[in-house]
Amino acid sequence: MTLVAGIDSSTRSTKVLLVDAETGQVVDSGTAPHPDGTECPPQVWWDALQQAGGDLIDRAEAVAVSGQQHGLIALDEHGEVIRPALLWNDTRSAPQAARLTGEGGGPGVWAQRTGSVPTASFTVTKLAWLAEHEPDNAERTAAVLLPHDWLTLKLRGVGFAEATTDRSEASGTGYWSPDTGVYLRDTVIGALGHDAVLPRVAAPNEIVGHTPNGVAVAPGTGDNAGAALGLRLESGDVVISLGTSGTVFGVAEAPAADPTGLVAGFADATGRFLPLVCTLNAAGVLDTVRDLLNVDHAGFDALALAAAPGSGGLTLLPYLDGERTPNRPNATGVLSGLTTHTTRADLARAAVEGMLSAQADGLAALSAQGLRAGRVLLIGGASSSEAVRRIAPHVFGLDVEVPPTAEYVALGAARQAAWALSGRPHPPQWNTGAATGFIGRAATSVTEQYSTLRDETASWTSHR
Ligand SMILES: Nc1ncnc2c1ncn2[C@@H]1O[C@H](COP(=O)(O)OP(=O)(O)O)[C@@H](O)[C@H]1O
Ligand SMILES: O=C(CO)[C@@H](O)[C@H](O)COP(=O)(O)O
C-alpha cells in the first residue's frame, strides 16, 4: 500500500493523517494542540508537528502541509525567525490596512490587483505594521514566509532561497495577483520599506523537494484550499467551515475582485479560484457562551435546541474578538433584547443563531459575486454540534449537508501529496462518503433581528 501524509497546522492545533494514496482511507493519525493567542513562535508549530506525527511522515512516500492562512513569518539573512509570527486573527495592523488601501488607489484597485481588499488579516498589512512599529525588525527582514511555507521548508531542511508556496497561500498575502500569477514587488516594498525573498509559487501537483529521510514534499496549501481539495469541491458546492474562523467559500473558474472587500478573491489548490468570506469569530463564540453557561458541548446543544427560533427576542452580534467581515477590527460582541424572561436556553440559541447569521452574510456576499449555493456543506469543529446542524437550515434558508466527520484540511493535503506522487494530471478520485442532510424552512425573524442589530451598530461597534 502506498501511503501519503497530510498535515493541517491550524490556529488551534496540528493534525496529521496517514492515508492510503489509492483510496483515501485514513490508516493512522495524530494531533497536538497550539497555544491560544494571535502571535506564535513558529517553532511551536514545528514541535506540534513532531508531536502529532513526525513518525507518521516517515511512513509516507509523500507529504504536504496545509496551514492557517496569512500569518507573517519574517526571517533574517541567516534564515532565523526574527519575531513571533503575527497570525491571521491579529487585528493590530488595522490602521495600516486602512492606510495601504487608501494609498494604493482604494478598494477597487486593490481588488483588481490582488483579488482582495486588505484587512488586518492580510500579510501585507502586517509587513506595514512591522515597518512602522518595529523598524529594526523590518530592516533585518530578508525573507517573508507564511506558516505552511515555513513548515514545508523545515520539512525539507533547506534554506529560504529554495522556499516554495502555492497559489492559494500566495493569494492571501495581498502582494500576489491571482489573475496574473505574479508577485507585486512594488506592494511589498511599499509596505516593508524594501524588497525581500518570497517563496516561489509552485505548480499544484509539483514535488518541491524531499525530507532528509527521502519523503517527497508537495507544495501544500492554505487551509481553506486544503479543505476544498479534501472535499473534492465542485462548482455549485459552497462550504461553510466553522473552526476558529468561519469561512464560506466555493470553487470558481475565474478570479473574484469584490470592491466591497467582503469576498476575498483567493486562488485554490487545483489551478482554479476560491472566492471566500472569512469571519474572525466562529466556534469560539459557542465556546464562550458554553463556558458562561457552564455546560459541556452536549449540554449546550440541548439548551440551544430547547429554545424557540429567535431566542425569545435575544440577539447576539458575535464580533467578540473584533471582526474582519464586515471590517470592524475594534468591535466587541453585542447582546440585545435581554429581558426578565430571558432563559439560559435563549442565550445558548442566540449564540448559535448569531454565529450562523454571520455566515449567512457570507453566503449573501458570495451570491452577490455570482457564486450561488447549489449545495451547502458544513465542516469544521463546530459542525459537530447537533444544535448548529439543526439550526443552520433555518438561518441560511437552505438545506445543509454535513459530510462524514473527518479532518478535511489534512485530508486535502494528503490528496495533494498523492496527486504529486502519482505524476498524473488530476488528483486521485477519493470517495469521501455520504453526507447527512439537515432540512428546514427559513426563520425570517432571526434574520431580521440579526440584520437590524448589525446595521444599528455599524458605527459604534467599530470603536472600543
Ligand atoms: N461538538 C462541538 N460543538 C461545538 N463546538 C465544537 C464541538 N467540537 C469541537 N468544537 C469546537 O471546534 C473548535 C475547533 O475547531 P477546528 O475546526 O479544529 O478549529 P481550527 O481549524 O481553527 O483549529 C473549538 O472551538 C471547539 O470547541
Ligand atoms: O484567515 C483565514 C482565511 O482567510 C482563516 O480561515 C485562517 O486560514 C485560519 O483558519 P482556521 O484555523 O480557523 O481553520
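In the predicted model described here, the centres of domain 1 and domain 2, taken over C-alpha atoms, are separated by 26 Å. Domain 1 covers residues 3–223 and domain 2 covers residues 232–402 + 434–464; these bounds come from an automatic or database domain assignment. Residues are numbered from 1 along each chain as its sequence is written, while chains are lettered from A and ligands numbered from 1 in the order in which they are written. Local features need pLDDT of at least 70 and side-chain atom pairs count only at pLDDT 80 or more, whereas totals for chains, interfaces and linings use all residues.

The two domains touch through 25 residues of domain 1 and 24 residues of domain 2, where contact requires the C-beta atoms of two residues, placed from the backbone, to lie within 7 Å. On the side of domain 1 that touches domain 2, helix H3 (107–114) and helix H7 (167–170) each supply at least two residues. H3 gives the most to this side, with four residues. Helices (H or I, at least four residues) and strands (E, at least two) are DSSP runs, numbered from the N terminus. By class, this side of domain 1 has seven nonpolar, 14 polar and four charged residues. Ala, Val, Leu, Ile, Met, Phe, Trp, Tyr, Cys and Pro count as nonpolar, Asp, Glu, Lys and Arg as charged, and the others, Gly among them, as polar.

Two ligands were examined. Around ligand 1 there are 16 residues, of which Ser10, Arg12, Gly243, Thr244 and Gly381 come nearest; a residue is near a molecule if its C-beta atom, placed from the backbone, lies within 6 Å of it. The shell around ligand 1 draws at least three residues from each of domain 1 and domain 2. Helix H10 (residues 283–293) gives the most to this shell, with four residues. Three residues of the shell are nonpolar, eleven are polar and two are charged.

Around ligand 2 there are 17 residues, with Thr11, Gln69, Trp88, Gly243 and Ser245 the nearest. Three of the residues in the shell around ligand 2 are nonpolar, 13 are polar and one is charged. Both domains give residues to this shell, so ligand 2 lies between them.

Gln69 counts as buried because it has 30 C-beta neighbours inside 10 Å. His70 is buried as well, with 29 other C-beta atoms within 10 Å. The term buried applies if 20 or more other C-beta atoms lie within 10 Å of a residue's own, exposed if 12 or fewer, and partly exposed in between, with C-beta atoms placed from the backbone. Leaving aside neighbours within four places in sequence, Gln69 is in contact with Trp88, Glu169, Gly172, Gly222, Asp223 and Asn224. With residues up to four places away in sequence not counted, His70 touches Trp88, Ser121, Phe122, Thr123, Leu146 and Gly172.

Strand E17 (residues 273–279) has seven of its seven residues buried. On one side these are Phe273, Pro275, Val277 and Thr279, and on the other Leu274, Leu276 and Cys278. E17 pairs with strand E15 (residues 246–249) in the antiparallel sense over four bridges, pairing being assigned if DSSP finds at least two bridges between two strands. Gly246 stands opposite Thr279 in E17. Strand E16 (residues 264–267) is also joined to E17 by four bridges and runs antiparallel to it, with Phe266 as the bridge partner of Leu274. The hairpin of E16 and E17 has five residues between the strands, and in it Gly271 takes a positive phi near 110 degrees.

Helix H6 (residues 147–156) is largely enclosed by the rest of the structure, because eight of its ten residues are buried. Those buried are Pro147, His148, Asp149, Trp150, Leu151, Thr152, Leu153 and Leu155. Just after H6, Gly157 takes a positive phi of about 70 degrees. Thr444, in helix H15 (residues 444–456), is exposed, with 12 other C-beta atoms within 10 Å. Thr444 and Gly310 are 134 residues apart in sequence and 9.0 Å apart in space, C-alpha to C-alpha.
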